[in-house]
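Welcome! Please take a look at the structure below, and then read on for a short tour.

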Amino acid sequence: MMTFTEIKKSFLTSLWFMFLTFPIMVIRVNTIEKQVIWRWENMWYVGIGSFLLSFVWRYFLRRKERGNNHANEHIANMSSSIQRIFSRRRYKIPAMVAAAMTVAVFPFVMNSYQTNIMITALMYVMLGLGLNIVVGLAGLLDLGYVAFYAVGAYTYGLLNHHFGIGFWTVLPLGGALGALFGVLLGFPVLRLRGDYLAIVTLGFGEIIRLILENWNEFSYGPSGIAHISKPSLFGIKLSFSGEITYMYFLMIGMVCFTIFVVNRLQNSRIGRAWIALREDEVACQAMGIDKTRTKLTAFALGATWAGMAGVIFAAKTTFINPASFTFMESAMILSIVVLGGMGSIPGVIIAALFLILLPEYLRAFSDYRMLLFGAIMVIMMVFRPQGIIATVRRNYNFKKAEN
Amino acid sequence: MEYFLELFMGGLTRGSIYALIALGYTMVYGIIELINFAHGEIYMIGAFTALITASVLAVMGVHQFAIMAIAMLAAIVYSSAYGFTVEKIAYKPLRHAPRLSPLISAIGMSIFLQNYVLLAQTSDFLPFPSLIPDFKFLEPYSNYLRPTELVILLTTAVVMVFLTLLIKFTKIGKAMRATAQDRTMAMLLGVNVNRVISTTFVIGSALAAIGGVLIASHIGQINFFIGFIAGIKAFTAAVLGGIGSIPGAVLGSFILGLTESFATGYVSSDYEDVFAFALLVLILIFRPGGLLGKSTTQKV
């Protein structure tokens, strides 16, 4: 379909983008020495890049439109084909065994650096699954999710610093405090619709961070809390690599626990209520679902996971300060959920591993990480709002009599 | 009393900058019911374009007034172009998608633009040349009101008048109001809705660019992150006044600016941003419709 008009369109697009990015990409000023650096080569990159990308963009846009005109059912079947494969017994069991084996031997085969990266990725899996409850299942766009993460981390940091309380005591406590904050935030925003909710949660997240940054007597301000003790294993002293392996298995355990709980929740009464709430609030209320309670449990449960992940984060890094809890962190977790597919557990796991591990292994790539996250959010929403692995919706099939 | 006046004038200045940004939010929301998260970034790009243009021209040795005019113009043109492009890429394909989709797309766009400027330029604070020249005016009052503040107030006032005239009396203004009321009906009556939406983005972005250049030359430094906080505050102002309502946005902006100014002046400056957020949370709880907004009922 490389007709002349297509090429002309792309050429114009590329000219437009060359114009658009000209001051920011090409010129760079050194305001102190009053020098101007011209980077003309960037202009060519932008021009050629946008020329090629515009073909791809239009191709996918056309494909999407064609798809919309066809029966929607067809698409729904296609999108869940990956899950279809996994749901078959023949593939499911060997796949799960292989995954379990990989998980079990990972820290013994890989060095401690790799294991550490994996621990971080697993932490994001946990956070992603937690946020998935709020955003994916209940459809409440929470942009301040990192606030609950901070609550958990500071709960452990402060309790450990002042009273020397151990990790295992604080873990449920951090979760509980997270839930409490979730309810505290949930109450005022119950009446708000999606977009207002997003802004208020964003504001809430920033308030928590600013308080942590400025209330020196309480949180030690920007310098943070250092020397937080690592989790203990029945008082056994562990070597450096032993500690990492222990942390790794602890994280694996937590992730399995999270998957189990979220999976059970999804099919429970409350999980169905969340999905109903996501689809249509008014209709959901008309069906006799208590909106207040449903929303609050979503907030509280989502926040519980963030709180626990926060405790683990503090224990892993042994140092916390407010800089770890910026809006960018919330955005990162959100892009994990969006990429994975809202409400889809395997999708979120794969997306978290992909988005966290990829920039770690492709070092040259890591600068472009946030750029990529932003682009992913836009591209996914435009072309594939259901995520890489869409959830299979429960539905009844009405079959015609002659079949 | 002097301190009070100083804070009052500072608050008004802040408020007028917020108003310039908030108008973009409120106009876009009025027409397509979307919080344009990337609006703060448009403002930041405006400031950056002005800085780059001004620096290049300064090296070339152009007269100061010419620098001011050209930098302002460049900022407006580029911000509008960015606003237009953002709408085409991130929002237009999502016109009929569920509400959450364009919102997430907008957040993605905002993160993308921030990091685009961060990578292409720098993460450091850049000193912004004071485009507005220092001049003397009415002696006793200049103690409370700095020349740049006066310029900001006057510019905002002029821009507001122009905007009001545009929306009230021009054809495109009429089309905008019609689209805001009922998009389908406007379409049926021959309004080119896509063009109206694009125009709204362009106008909003141009206003944000003016705000960006004014505040940057007032404060004297910018970095890639200024759009985030300014965007949230302007949004707060828009919600405070009742989102979708243009006089509401202006009123809300002045209230927010004054509140912030007095709160930082009399209470504590550490929590400057907390006041704005707390105000936002409070309004949404007690008066989600805003001061001048209509409360809407939700229908199935």
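Chain A has a secondary structure of 18 helices and 2 strands, where helices (H or I, at least four residues) and strands (E, at least two) are DSSP runs numbered from the N terminus. This is a predicted model, in which local features need pLDDT of at least 70 and side-chain atom pairs count only at pLDDT 80 or more, while totals for chains, interfaces and linings use all residues. Residues are numbered from 1 along each chain as its sequence is written, and chains are lettered from A and ligands numbered from 1 in the order in which they are written.

| Domain of chain A | Residues |
|---|---|
| domain 1 | 4-70 |
| domain 2 | 109-383 |

Taken over C-alpha atoms, the centres of domain 1 and domain 2 of chain A are 36 Å apart.

Now for the partner chain. In all, 51 residues of chain B are in contact with 47 residues of chain A; contact means that the C-beta atoms of two residues, placed from the backbone, lie within 7 Å. Several elements of chain B each supply at least two residues of the side that touches chain A, among them α2 (39-60), α3 (64-91) and α11 (272-286). With 15 residues, α4(B) gives the most to that side. The residues of this side of chain B divide into 38 nonpolar, 10 polar and 3 charged. Here Ala, Val, Leu, Ile, Met, Phe, Trp, Tyr, Cys and Pro count as nonpolar, Asp, Glu, Lys and Arg as charged, and the others, Gly among them, as polar.

Technical notes: Domain bounds come from an automatic or database domain assignment.
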